[in-house]
Amino acid sequence: MNPFLLLAAAADLTAALVHGLVGHRLILVPLKYARLFSTHAFGAADMSRRVLVVTWHLTTATFAASALMMSLWASGILPSGSGPLFVSAMHASFLVIGLGVMGPRISSLFRRRIPVAFVALMATVAVMGWLGS
């Protein structure tokens, strides 16, 4: 049993649950069509919302699939090879992109629980995946 990969799996499972359930309720449900706009690429505001929902849940699925793979590698059911490094790099890129998008508002970001949890979970998966590989 690889404790680093097991911790990464737990962090990713937490990310999947928080992103998929809590995030959906706090971000996507309140997102009303009146606040959205039509786009040339996707059409009406309804389609813009659908694209956001798909993108949101693809990210959730990525966290869930990463949690599954990390747990399989941690337990030795599957040989890990360079898989944990790939997942680690992917989560490090999520962290860098997320922080980069915040730009000058990054200091205000850490006054809220959800952004702190995002940084902690992405960093945990990135570091533990790297240490466990």
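Student: Why are α3 and α5 called roughly antiparallel to each other?

Tutor: This is a predicted model, in which local features need pLDDT of at least 70 and side-chain atom pairs count only at pLDDT 80 or more, while totals for chains, interfaces and linings use all residues. Residues are numbered from 1 along each chain as its sequence is written, and side-chain values use heavy atoms, without hydrogens and water. Helix α3 (residues 83-102) packs against α5 at about 150°, with the axes 7 Å apart. Axes are lines fitted to C-alpha atoms, for helices over the stretch in contact, and angles between N-to-C directions run from 0 to 180 degrees. Angles under 35 degrees count as roughly parallel, over 145 as roughly antiparallel, 65 to 115 as roughly perpendicular and the rest as oblique. The angle of about 150° is over 145, and α3 and α5 are therefore roughly antiparallel.

Student: What makes α1 and α5 roughly antiparallel to each other?

Tutor: The axes of α1 and helix α5 (residues 113-132) cross at roughly 150° and come within 8 Å. That angle also meets the criterion of over 145, so α1 and α5 are roughly antiparallel. The crossing of α1 and α5 is left-handed, as is the crossing of α3 and α5; the term applies if the near helix is turned anticlockwise from the far one by less than a right angle, clockwise being right-handed.

Student: How do you know that the protein has five helices?

Tutor: Helices are DSSP runs (H or I, at least four residues) and strands likewise (E, at least two), numbered from the N terminus. The protein has five helices and zero strands, and its elements run α-α-α-α-α from the N terminus on.

Student: Is Ala45 buried or exposed, and what makes it so?

Tutor: Ala45 lies in helix α2 (residues 45-75) and has a relative accessible area of 17%. Buried means under 20%, exposed over 50%, and partly exposed in between (1.4 Å probe, protein chains only). Ala45, at 17%, is therefore buried. Buried residues make up 31% of the 133 residues in the protein.

Student: Why is Ile27 called partly exposed?

Tutor: Ile27, in helix α1, has a relative accessible area of 44%. This value falls between the buried and exposed limits, so Ile27 is partly exposed.

Student: Where is Ala45 in relation to Pro115?

Tutor: The two residues are 70 residues apart in sequence and 27 Å apart in space, C-alpha to C-alpha. The C-alpha trace of the protein spans about 50 × 30 × 25 Å along its principal axes.
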